[in-house]
Amino acid sequence: MIRYADATLANVCALVDAEKPAWRTDAETRTAAIVAAGAFSKGAPSWSDIKAIFMRLQSNKCAFCEFPLGGEFAGKATQDVEHFRPKNEVKAWPNKAKKPSYTFNTGGTGSGYYWLAYDLSNYAAACKACNTARKSNYFPIAGARGAAPNTAAELNAVEQPYLVFPLGEADEDPESLITFAGLVALPAHDADGHAHCRGRVTIDFFALNQREELWEDRFRTIYALFDAVEITKTNANPNRVEIARRRIEDMTSIAGAQAACARSFLRLLEADPQKAWDYYVAAEEFITDNRKKRAPKLG
């Protein structure tokens, strides 16, 4: 997970106004009706109408797992507009079916954040594996569950959410909370403070260390990155070196398929090449073994 710094609320509002001029006015009208009723009910406008804006701001990647999801032609079918705080009743997380268990409080249930259903600061584009299968109506917090009409900023102060919101600069930088050891996502803080717990819960919540598509994606990233760095160190052809440098810049940019993993691995390559090599070998062995297990048995 990385921060999408250009996706500030001001920028999002400006883009929405430019592309869907009536959307925010319609959203205000709809929100007033929802607040008066004290519960969410669906109606115009549709958040799907502005999905492409979030897709572009996130370089067509899931906000939470960084999996590439295609551009506007095909990507609209693979991406959802995710409500960071659920608009409907909040379910307790983790439940019996969703491990692990924690020694700290994760907030329990709640009536839902219906007044934020059409709040642009509560939106992100997410893959169906993160949004539908995992995020659903869960929202674990360390503090007390907030209520209407608190804004997202006010709620953050009271609730101390465990999940990280990566758009704009309203929340902590995800890379200050989550790092990588090869393919494996880890909390960036060792202590048992809130920062450590945020990293741990976010990793567990989105199954960042269990999903095969993410293992494969990260392995392709560190494989290509390792190769590109080696070229910059050993190749005498200046053109190849320049191409390799551009590849490194692209993989570690906001548009990189697994930019957080790539940036972490690049830092390790610079600081401790032997340890980076060990992680690379371990990752290759893991991916190879996993592919063999999944291969269909013929005959």
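I'm calling it a salt bridge when a side-chain nitrogen of Lys or Arg sits within 4 Å of a carboxyl oxygen of Asp or Glu. By that rule I get 13 salt bridges.

Housekeeping: this is a predicted model, where local features need pLDDT of at least 70 and side-chain atom pairs count only at pLDDT 80 or more, while totals for chains, interfaces and linings use all residues. Numbering runs from 1 along each chain as its sequence is written, and side-chain values use heavy atoms, with hydrogens and water left out.

Looked up Asp-17 first: its side chain meets that of Arg-24 in a salt bridge (2.8 Å, N to O). Asp-17 is partly exposed at 33% relative accessibility; my scale is buried under 20% relative accessible area, exposed over 50%, partly exposed in between (1.4 Å probe, protein chains only).

Next, Arg-56 and Glu-19, 2.3 Å N to O. Arg-56 lies in helix 3 and Glu-19 in helix 1, so this pair ties together parts 37 residues apart in sequence. Helices here are DSSP runs (H or I, at least four residues), and strands are too (E, at least two), numbered from the N terminus.

Then Arg-198 with Asp-171, closest N and O atoms 2.9 Å apart. Both Arg-198 and Asp-171 are buried. I also find Asp-171, Glu-172 and Arg-198 linked in a network of salt bridges.

Which residues of helix 1 (residues 9-19) are buried? I find Val-12, Cys-13 and Val-16. They sit on the same side of helix 1, because they cover an arc of only 100 degrees around the axis (directions from the helix axis to the C-beta atoms). Ala-10 and Ala-18 are exposed on the face turned away from that buried side.
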